[in-house]
Amino acid sequence: MSLGIVMLVHDALDRAEQLVRHWAKNGCPVVIHVDDCVSDDDYTDFVTALSDLDNVRFCKRQHCEWGRWSLVEASQTASELMLKAFPDVRHILLASGSCLPLRPISEMLDYLSNRPQTDFIESVTTEDVPWTIGGLDIERFTLRFPFSWKRHRRLFDRYVEIQRRLGTKRTIPAGLVPHLGSQWWCLTRKTLSEILNDPNRAGYDRYFKRVWIPDESYYQTLARRHSTRIESRSLTLSKFDFQGKPHIFYDDHLQLLRRSDCFVARKAWRNADKLYDSFLSDQNDVITGAEPNPGKIDRIFTKAIERRTKGRPGLYMPSRFPKDGYEGNVTAARYTVLEGFSELFDGFDTWLTDTVSARVHGHLFARDRVHFAGDTPDYFGALGDAASLRDYNAKAFLTNLIWNTRGERQCFQYGPRDNQDVSWVIAKDPNARVYVVSGAWAVQLFHSNQNFSDIRREAARLQKIESDHLNALRSGYARARTHVWSLADFVLKPAEPLQAVVDDIGPRTATRLSNFPKMRPLHGFGQFLQDLKNQGMHPYLMGDFPAGHDLVPDSQVQHKPFLVK
């Protein structure tokens, strides 16, 4: 015999019995540590069920807790019994009651017999691991952790904070260089014996009793002192999510696990009958001779983690809202936001609909209701035009609209009179294309017949809202592609901005614009702005409108000059 199994069991004893029988009948002795949390009756039944196997032993029990020294102590007790009871064992594999063999045991024995002096244990320094969860790397070894992270989280965090403030640090024992790695190792008899019989073991054990998650560092550190040849990898396939929790393998992972060519996988769901029946049957004895290669499936796990943390861009559902800032693109597709155009041009929506191949809406976030294209009362995805429903979650309304209309470019009007809850949403969305004619909202006030004092008050309010919106579009957090023209600059040369909008959305024809929407009359608009100034309000977003005469628009598109040599 050349391989012994040290198995840590704490639940699913029926599955553990299957695994023990599979190892034992293929010539691998098994030493089992059953957690003390298992009832005496269940433990007795478990021992009785395996009593017919002469190469199975049970070691002294104790209660094990995640992240605590008890896990290391349990593996020490079981390993000592393995070395004493089975002198012919040359490699010892640490496994759990949910570690499922994926390849024939005979193939694994041949693999290890060809590498008699090699220890398979992931062992890397703290500076080289990106996967430590909880914000503790080298501090695992320099601070003390007397409190359980799971049962006494507040005490744990508070004690760590106190040690950091006081600057207290533990001294790492001389000759030890802290290493981390997977707790599922396969060591040679020589290396494991030297670790357990090290003359300084008592001191090392005292030190690691106050290390956080010592089962990921005890053997990984001491193997570096005693091993002559380490392959820093585990023979057990174990994958973890972004929170540091292990992935659980189900029946639908069958082909994925076969593709990995790994010898053992952790951890298999206790009710995955298809997995256990397939990998523990004699029909699975197909010798491949392939080198274990978990990298074959790393891409799938990486994609799964990305999908779990970020979701699909623009897709939100009642069961899961991504954490703010995790979602990447807020929406599912590009869309265009036009600000000030409908205020400046008569029939702008109709003109743009005839000019580009896109769906042109009115003010989707108007205070009265949602103005869908064609003035319909509802739209794709059962979106209604009720302002109250939209405003319940304005961001979700926008993302639903874009998601439900993927494949068709959506355009809508926006301005300071609209609901501003989506101002930052639009600004931070890389899919947004925003075109702003700043101050264009004043045109509607100019043509109104309101009392001038009311106009002044409303102008000050709208200008403040638009100024805040422009600050959002220009902030360092903004990801939208934004173009801003002052009203004065736009009125002087309206053709170039309109051409830019049409080119970005996608024209029906590739030719230059020959017809333009009709601009509302602005005769006397400069004097109107001067009157606002005279009343104490400074209309700075409109640009420079002279009070004495009107600006004359130039409808020609100015082509960029080219230098020909």
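Entry 1: I began with Val337, whose bridge partner in E19 is Val434. Before going on, I noted that this is a predicted model, where local features need pLDDT of at least 70, side-chain atom pairs count only at pLDDT 80 or more, and totals for chains, interfaces and linings use all residues. Residues are numbered from 1 along each chain as its sequence is written, and side-chain values use heavy atoms, with hydrogens and water left out.

My element names are DSSP runs numbered from the N terminus: helices (H or I) have at least four residues and strands (E) at least two. I call two strands paired if DSSP finds at least two bridges between them.

Strand E13 (residues 335-339) runs parallel to E19, and five bridges join them. E19 is also joined to strand E20 (residues 481-486), again in parallel, by six bridges. There, Val436 has Val484 of E20 as its bridge partner.

**Entry 2: is E19 buried or exposed?** I asked this of strand E19 next. Seven of the seven residues of E19 (residues 432-438) are buried, so the strand is largely enclosed by the rest of the structure. For me, buried means under 20% relative accessible area, exposed over 50%, and partly exposed in between (1.4 Å probe, protein chains only). In a regular strand the side chains alternate between the two faces of the sheet. Both faces of E19 are covered, with Ala432, Val434, Val436 and Ser438 buried on one side and Arg433, Tyr435 and Val437 on the other.

Entry 3: A cavity here is a set of points on a 1 Å grid over the protein atoms alone where a 1.4 Å probe fits but cannot get out; lining residues have an atom within 4 Å of a point. Grid points are joined across faces, edges and corners, and a volume is the space filled by probe spheres set on the points.

The largest cavity holds about 40 Å³. Its lining includes Val437, Glu339, Trp441 and Glu466.

**Entry 4: another sheet.** I then looked at an open sheet of three strands, in the order E5-E12-E11, with mixed pairing. Its edge strands, E5 (100-101) and E11 (236-238), each pair on one side only. E11 and E12 (residues 264-266) pair in the parallel sense over three bridges, and Thr236 stands opposite Val264 in E12.

**Entry 5: a helix to finish.** In helix H21 (residues 495-505), the buried residues include Leu498, Val501 and Ile505. After H21 comes Gly506, with a positive phi near 120°.

Methods. On a 1 Å grid over the protein atoms alone, a cavity is a set of points where a 1.4 Å probe fits but cannot get out, and a pocket is an open set with protein on both sides within 12 Å along at least five of seven lines; lining residues have an atom within 4 Å of a point.
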